[in-house]
Structure formats: C-alpha cells, structure tokens
Amino acid sequence: MLERNASKALLKGTIVNITISGTTRVSAGDMINFFPPDQSALSNPEYDKYLSGKYLVSEIEHLMTVDQYVMKLTCLKSGLPEPIEASE
C-alpha cells in the first residue's frame, strides 16, 4: 500500500534534469535547492516560483572526458508551492 501511495505522489511531482560541474559533494539521495530564473520576466529577473525549491537527487550520470567532468542530475520534487495561475 505504501509503495502505491508513493507512486501516486510521484505522478503529481516535477522532474528536472540538471547538468553541473563534476563534484563529490552531490550524490543520489541528497536534497538540493534549485532556483531557475523565470523566463517570462526577462526585464526583472526573478526565480521561477513553480520550479524553485527543494529537490531529491534520484539519479546521477557522470560524464568524463580528457577536458572536462560534468554530472547530469535527475531530480524529483513533489507538488507545487503555489497554485498555477490560468493564462489569459
């Protein structure tokens, strides 16, 4: 029953993929704060109120070449902090 409830909660969540410089400070299972800029407010840059917040790092893919080391994070967030406004 708990597994079913957790799966239903994930359906209402948000998944983001983030690429960052390689580091040993982030691992799967960590909580991170993610604050992307609001693309609709270019004249007055603010954080996106729907995507900003705490995310659980669920997967990490390490990409290494001779010149660089980056990590692709898959992060999960359940729910939205504010209701979505209807567009006009």
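This report describes the secondary structure, strand pairing and surface of a predicted model.

## Basis of the model

Residue numbers start from 1 along each chain as its sequence is written, and side-chain values use heavy atoms, with hydrogens and water left out. Because the model is predicted, local features need pLDDT of at least 70 and side-chain atom pairs count only at pLDDT 80 or more, whereas totals for chains, interfaces and linings use all residues.

## Secondary structure

The protein chain has 1 helix and 4 strands; these elements are DSSP runs numbered from the N terminus (helices: H or I, at least four residues; strands: E, at least two). Along the sequence, their order is α-β-β-β-β.

## Strand pairing

Strand β4 (residues 69–77) pairs with strand β1 (residues 14–21) in the antiparallel sense, over 8 bridges. Pairing here requires that DSSP finds at least two bridges between the two strands. Within this arrangement, V70 in β4 is the bridge partner of S21.

Strand β3 (residues 53–64) also pairs with β4 in the antiparallel sense, over 8 bridges. In β4, L73 is the bridge partner of I60. A hairpin of 4 residues joins β3 to β4.

## Contacts, burial and surface

Among contacts (heavy atoms within 4.5 Å) with a separation of 6 or more in the protein chain, 56% are between residues 24 or more positions apart.

Of the 88 residues in the protein chain, 19% are buried, that is, under 20% relative accessible area with a 1.4 Å probe, protein chains only. The chain exposes about 7,100 Å², of which carbon and sulfur atoms supply 55%; accessible areas come from the Shrake-Rupley method with a 1.4 Å probe.

Terms used:
Buried means under 20% relative accessible area, exposed over 50%, partly exposed in between (1.4 Å probe, protein chains only).
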